[in-house]
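These are my notebook entries on a structure that I had not examined before. I set down what I looked up, in the order in which I looked.

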Amino acid sequence: MKILGIESSCDETAAAIIEGEREKIELKAQVVASSLALHAKTGGVIPENAAREQLKYILPVIKETISDAKTDLESIDAIAVTYGPGLIGSLLVGVETAKTLSYVLQKPLVPVNHMVGHIYANWLMPNVTITFPAIALVVSGGHSDLLLMKKHGDFTLLGGTRDDAAGEAFDKIGRLLGLPYPAGPIIEKLAAAGDPKRFRFPRPLIGSDDYDFSFSGLKTAVLREVQKHTSLDDQTIKDLARATQDAIIDVLTKKTIKAAKEHGVQTILLSGGVAANQTLHKKFSELSLQTSLKLFTPAKNLCTDNAAMIAAAAYYTYKPVPRDRITANPELYFEAKR
Ligand code: KG4
Ligand code: ZN
């Protein structure tokens with residue numbers, strides 16, 4: 001089965017084609033057009049700007065994907081599209097394009113939750129065999145969610161962020177340090193040359209009984225430290241980046257491993273933009289080895305927003321919906337069943 005995936009929930013415009021047979025899927029082609037350079041200039045995503053760019057890119061991106069996959073639209077079996085959560089204008093670009101294609105080509109349309117898509121990026125890695133149940137940590141710019149996944153499409157939300165998401169914390173703290181958006185990858189680079197002992201920031205909710213996250217207190221702690229300095233020299237920025245990253249990694253790893261132990265789970269699935277952080281991955285790998293857990297992480301380019309993950313989610317949770325019943329839902333979330 002060949003699926004065309006379309007993703008336009010935030011600042012990327014993406015399309016991909018995957019081909020699936022039984023339990024295995026293969027990524028045939030994917031194109032991601034990013035308007036990040038534009039958002040770096042404004043210090044963040046301005047929704048109207050993002051949607052306007054996506055409207056320009058969506059058709060060329062789909063065309064290039066089809067051509068890269070050496071196929072044609074008629075050979076596609078189904079279309080998958082992100083319908084939420086995300087920015088309304090951005091989501092509409094993808095949803096309306098997908099609906100039109102589905103109508104013109106008379107192909108089934110599968111609406112996909114963007115967060116579920118992130119988790120399914122793990123199935124795009126070659127030669128992986130993922131067994132259930134699994135604990136999934138999705139850490140992106142808008143969410144930090146911990147879920148129990150019992151089988152395909154079966155998610156129980158164990159905890160989520162109470163305020164800032166992990167990626168948002170990286171981005172907001174980056175702004176305090178004078179770094180451009182998105183700051184996560186830059187903080188990771190700077191942290192590598194930072195002194196781990198110079199600053200220590202709080203690890204919010206690290207020992208709480210639930211699986212919730214909260215990162216706004218960390219941002220305030222960094223702000224207080226920044227205010228003590230009349231100007232930030234390069235080494236201080238690196239040291240602050242290191243302390244920030246250490247605090248976020250500590251909380252994410254500790255809570256995820258605790259969830260795995262308490263639910264008797266042996267599989268951990270990392271995903272979302274923050275999972276592209278190699279230091280986070282390394283820490284998780286070390287802890288997984290110690291605790292005999294099996295860790296899965298998508299390749300870096302599949303951690304950040306892409307359409308291959310949307311097509312993958314559609315393949316494993318295949319539920320086409322009539323076109324007139326699909327609408328963009330910016331607030332879409334996992335059902336809370338704690
Ligand atoms: O999943 P994603 O591409 O978009 C959303 O769905 O939000 O995640 C983007 C987030 C941004 O906050 C960005 O700073 C963060 O992921 N990010 C990172 C890294 N790469 C991207 N955070 C930490 N380290 C990284 N290497
Ligand atoms: Zn995302």
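**Entry 1: the sheet of β6 to β10.** I looked up an open sheet of five strands, in the order β8-β7-β6-β9-β10, with mixed pairing. I use pairing where DSSP finds at least two bridges between two strands. Helices (H or I, at least four residues) and strands (E, at least two) are DSSP runs, numbered from the N terminus. The edge strands are β8 (154-159) and β10 (294-296), each of which pairs on one side only. From one strand to the next the twist averages 25°.

I note that the model is predicted: local features need pLDDT of at least 70 and side-chain atom pairs count only at pLDDT 80 or more, while totals for chains, interfaces and linings use all residues. Residues are numbered from 1 along each chain as its sequence is written, chains are lettered from A and ligands numbered from 1 in the order in which they are written, and side-chain values use heavy atoms, with hydrogens and water left out.

Entry 2: I followed β6 and β7 and found antiparallel pairing over six bridges. Valine 138 has aspartate 145 in β7 as its bridge partner.

I then turned to β7 and β8, which run antiparallel and are joined by five bridges. Here lysine 151 has aspartate 154 in β8 as its bridge partner. The hairpin of β7 and β8 has two residues between the strands, and glycine 153 takes a positive phi near 75° there.

Is β7 mostly covered or mostly uncovered? I found it mostly covered, with six of its eight residues buried. Buried means under 20% relative accessible area, exposed over 50%, and partly exposed in between (1.4 Å probe, protein chains only).

Isoleucine 268 stands opposite leucine 295 in β10. Helix α9 (residues 278-291) packs on the sheet and touches β6 (134-139), β9 and β10. Its direction makes about 160° with that of β10. Axes are lines fitted to C-alpha atoms, for helices over the stretch in contact, and angles run from 0 to 180 degrees between N-to-C directions. Contact means heavy atoms within 4.5 Å.

**Entry 3: helix α5 and its cover.** Which residues of helix α5 (residues 166-176) are buried? I list Ala166, Gly167, Ala169, Phe170, Asp171, Ile173 and Gly174. Their cover includes β6, β7 (144-151), α6, α7 (216-227) and α8. Glycine 178, which follows α5, has a positive phi near 80°.

**Entry 4: two helices against α8.** Helix α6 (residues 184-191) and helix α8 (residues 234-262) pack at an angle of about 110°, with their axes 8 Å apart. α6 is therefore roughly perpendicular to α8; angles under 35 degrees count as roughly parallel, over 145 as roughly antiparallel, 65 to 115 as roughly perpendicular and the rest as oblique. The contact is made by Ile187, Glu188, Leu190 and Ala191 of α6 with Ile237, Lys238, Ala241, Arg242 and Gln245 of α8.

For α7 and α8 I found an angle of about 165° and axes 11 Å apart. These two are therefore roughly antiparallel to each other. Leu218, Val222, Glu225 and Val226 in α7 meet Leu240, Thr244, Ala247 and Ile248 in α8.

**Entry 5: the sheet of β1 to β5.** I looked up another open sheet of five strands, ordered β3-β2-β1-β4-β5, with mixed pairing. β3 (24-34) and β5 (109-113) stand at the edges with a single partner strand each, so one side of each has no neighbour in the sheet. The twist averages 20° from one strand to the next. Strand β1 (residues 2-7) and strand β2 (residues 12-21) run antiparallel and are joined by six bridges. Leucine 4 stands opposite isoleucine 17 in β2. Helix α2 (residues 47-68) lies across β1, β2 and β3 and runs at about 30° to β2.

**Entry 6: tyrosine 318.** I located tyrosine 318 in the segment after α11 (308-316). Tyrosine 318 is partly exposed, with a relative accessible area of 31%. Leaving aside neighbours within four places in sequence, tyrosine 318 is in contact with Met1, Ala78, Pro108 and Val110.
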